[in-house]
Amino acid sequence: MNKAELIDALSAHFEGSKKEATKAVEAVIDTIVRTVVAGEKVAIAGFGNFDKVIRKARTARNPATGATVKVKATAVPKFKPAMQFKEEVSGKRKVAAAVKPAAKKPAAKKAAPKKAAKKAAPKKAAKKAAPRKAAKKAAPRKAVKKAAKKR
């Protein structure tokens, strides 16, 4: 799942408001990044910890040429998943039930639901007719298979 897909998934929880979901995702990411850059630890219970780790200066070797290269000290972000998260991923624990999205508010006008009901009725009839057609098409295949088995 990428950032756009996460926003789409969260928009269902914000009554279809993609704008609010985008703001929420952006705010969470921005807060985590700013806190870790400042050198503080971000701990989200049940998910994991974000931290800033400083790597010491070292010498490395270029595998193509074999030459040694000096690498400067640098700071990198580190994520350590929480035990609950690890257990859910490994299958030792069942994943917690998803939060159901908020119910949408009813339409303001009374005429809109009637029109929607009239338009939805023909679609239901078309879906009911589809299995009959599939059954007719499946019957000749069975006859061919039975004939092949008899030979």
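Is Phe79 buried, partly exposed or exposed? Phe79 counts as partly exposed, at 33% relative accessibility, where buried means under 20% relative accessible area, exposed over 50% and partly exposed in between (1.4 Å probe, protein chains only). The structure is a predicted model, in which local features need pLDDT of at least 70 and side-chain atom pairs count only at pLDDT 80 or more, while totals for chains, interfaces and linings use all residues. Residues are numbered from 1 along each chain as its sequence is written, and side-chain values use heavy atoms, with hydrogens and water left out.

**Aromatic pairs**

- A pair of aromatic rings is described by the distance of the centres and the angle of the planes.
- Rings of Phe, Tyr and Trp (its six-membered ring) pair if their centres lie within 6.5 Å; planes under 30 degrees apart count as stacked, over 60 as edge-to-face and the rest as tilted.
- The count by this rule is four aromatic pairs.
- One of them is the tilted pair of Phe47 and Phe85, with 5.3 Å from centre to centre and 35° between the planes.
- Phe47 lies in the loop between strand S1 (42-44) and strand S2 (48-55), and Phe85 in helix H3 (residues 83-90), so this pair ties together parts that are 38 residues apart in sequence.
- Helices (H or I, at least four residues) and strands (E, at least two) are DSSP runs, numbered from the N terminus.
- Phe47 is partly exposed at 35% relative accessibility, and Phe85 is partly exposed at 28%.
- Phe50 and Phe79 also form a tilted pair, with centres 4.9 Å apart and 45° between the planes.
- Because Phe50 lies in strand S2 and Phe79 in strand S5 (residues 74-81), the pair ties together parts that are 29 residues apart in sequence.
- Phe50 is partly exposed, with a relative accessible area of 21%.
- One aromatic cluster is formed by Phe47, Phe50, Phe79 and Phe85.

**Salt bridges**

- Side chains of opposite charge can pair when their charged atoms come close.
- The whole structure holds four salt bridges (a side-chain nitrogen of Lys or Arg within 4 Å of a carboxyl oxygen of Asp or Glu).
- Asp8 and Lys18 form a salt bridge in which the closest N and O atoms are 3.1 Å apart.
- This pair links distant parts of the chain, with Asp8 in helix H1 (residues 3-11) and Lys18 in helix H2 (residues 18-37), ten residues apart.
- Asp8 is partly exposed at 40% relative accessibility, and Lys18 is partly exposed at 47%.
- Arg34 pairs with Asp30 in a salt bridge, the closest N and O atoms being 2.9 Å apart.
- Both Arg34 and Asp30 belong to helix H2 and stand four residues apart, about one turn of the helix.
- Arg34 counts as exposed at 57% relative accessibility, whereas Asp30 counts as partly exposed at 35%.
- Arg93 and Glu87 meet through their side chains in a salt bridge of 3.0 Å, N to O.

**The largest pocket**

- On a 1 Å grid over the protein atoms alone, a pocket is an open set of points where a 1.4 Å probe fits, with protein on both sides within 12 Å along at least five of seven lines; lining residues have an atom within 4 Å of a point.
- The largest pocket holds about 490 Å³ of space, a volume being the space filled by probe spheres set on the grid points, which are joined across faces, edges and corners.
- Its lining has 16 residues, and those closest to the centre are Leu6, Val28, Ile32, Ile44 and Phe47.
- Helix H2 gives the most to this lining, with six residues.
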